Amino acid sequence: MERKIEIVQFASRTRQLFVRLLALVKWASNAGKVEKCAMISSFLDQQTILFVDTADRLASLARDALVHARLPSFAIPFAIDVLTTGSYPRLPTCIRDKIIPPDPITKAEKQATLSQLNQILRHRLVTTDLPPQLANLTVANGRVKFRVEGEFEATLTVMGDDPDVPWRLLKLEILVEDKETGDGRALVHSLQVNFIHELVQARLCADEKPLQDMYNCLHSFCLSLQLEVLHSQTLMLIRERWGDLVTEERYLPAKFLTLSVWK
């Protein structure tokens, strides 16, 4: 009898184990759906926590920081303009000035301005210690043009009537030329002219005697260029016509040229 009881109890325990195993197998087939539902439930719980925390923070902000806060006054005149006229004429004029270019001056205003600028230039020239080499000048159209024959021509103006306003160099032209040197091309490249232009403009703004300093700078450059042209012409004549009659003793660019004739 005891053996029968043990067999029945073993069979009962085994049956319970198989029942549990069967339930576990059936649950495993739907485990993905259960896990997805658990993730959704966790996400909703997090959202609920965030909503509660936001409400708490807003309530604290309203009770502490925004006690004395007030709404700004409503833009009633602007609303009336928009509703009645359909436009908004109260924009700051600085916006219009930056977007819409100003109207050009008339021809009469231009002539009057140039005439006044000519008077300012003549007064500036009279009150300035002008080098005698710059005596060949013309004042017209708000500009003064200095011309030194065989060297350079400079066009200057001023940007105001204040005596402390520096001269402004508008145009610089080198008059040293030689058609046979450089195959008829200009002796000074445009980049070199621009560099000299910037150099002279810087000295016009910094020197106490700007016109004298401008003349010294340009005169020195033109003399060195003329010496270079003379050296080139001498070499050409020695190579083509003179032969041994002329000999170049020494040449230092921008300094001196020494020649010996009929040695």
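## Briefing on a predicted model

T155 is buried, with a relative accessible area of 7% (buried means under 20% relative accessible area, exposed over 50% and partly exposed in between, with a 1.4 Å probe and protein chains only). The model is predicted, so local features need pLDDT of at least 70 and side-chain atom pairs count only at pLDDT 80 or more, while totals for chains, interfaces and linings use all residues. Residues are numbered from 1 along each chain as its sequence is written, and side-chain values use heavy atoms, with hydrogens and water left out.

- T155 belongs to strand β3, which covers residues 152-158 (strands are DSSP runs of E with at least two residues, helices are runs of H or I with at least four, and both are numbered from the N terminus).
- Beyond its neighbours within four places in sequence, T155 is in contact with R143, V144, K145, R168, L169, L170 and K171 (contact means heavy atoms within 4.5 Å).
- N141 sits in the loop between β1 and β2 (143-148).
- N141 is exposed, at 57% relative accessible area.
- The phi of N141 is positive, about 55°, although N141 is not a glycine.
- Most residues other than glycine have a negative phi.

**The β5-β6 hairpin**

- Strand β5 (residues 246-252) pairs with β6 in the antiparallel sense, over six bridges (two strands pair if DSSP finds at least two bridges between them).
- The two strands β5 and β6 form a hairpin with three residues between them.
- In the turn of this hairpin, A254 has a positive phi of about 70°.
- Opposite E248 stands L259, in β6.
- S260 is a residue of strand β6, which spans residues 256-261.
- S260 is buried, with a relative accessible area of 15%.
- Residues up to four places away in sequence aside, S260 touches L245, V246, T247 and E249.
- The C-alpha atoms of S260 and L172 are separated by 37 Å, and the two residues are 88 apart along the chain.

**Salt bridges**

- The structure holds six salt bridges (a salt bridge is a side-chain nitrogen of Lys or Arg within 4 Å of a carboxyl oxygen of Asp or Glu).
- One of them joins D129 to K209, with the closest N and O atoms 3.9 Å apart.
- This pair links distant parts of the chain, 80 residues apart: D129 is in the loop between α5 (107-126) and β1 (137-140), and K209 is in the loop between α6 (190-206) and α7 (210-242).
- D129 is exposed at 53% relative accessibility, whereas K209 is partly exposed at 47%.
- Another salt bridge connects R147 and E149, whose closest N and O atoms are 2.8 Å apart.
- R147 is partly exposed, at 29% relative accessibility, and E149 is exposed, at 56%.
- D213 and R203 meet through their side chains in a salt bridge of 2.5 Å, N to O.
- This pair also links distant parts of the chain, with D213 in helix α7 and R203 in helix α6, 10 residues apart.
- D213 is buried at 10% relative accessibility, while R203 is partly exposed with a relative accessible area of 36%.

**Nonpolar surface patch**

- A nonpolar patch on the surface is formed by F78, V82, Y88, L91, I95, I99 and I100, which together have about 640 Å² of accessible area.
- Patches are made of residues with over 30% relative accessible area and no salt bridge, with like charges joined within 9 Å and nonpolar side chains (Val, Leu, Ile, Met, Phe, Trp, Tyr) within 5 Å.
- Accessible areas come from the Shrake-Rupley method with a 1.4 Å probe, and for residues only the protein chains shown count as cover.
- The elements that give two or more residues to the nonpolar patch are α3 (76-85) and α4 (93-99).
- I99 is located in helix α4 and is exposed, at 64% relative accessibility.

**Cysteines**

- Zero disulfides are found in a search of the whole structure (a disulfide is a pair of cysteine sulfur atoms within 2.5 Å).
- For C222, the closest cysteine sulfur is that of C217, at 9.4 Å, which is too far for a bond.
- C222 is buried, at 0% relative accessibility.
- C94 is partly exposed, with a relative accessible area of 43%.
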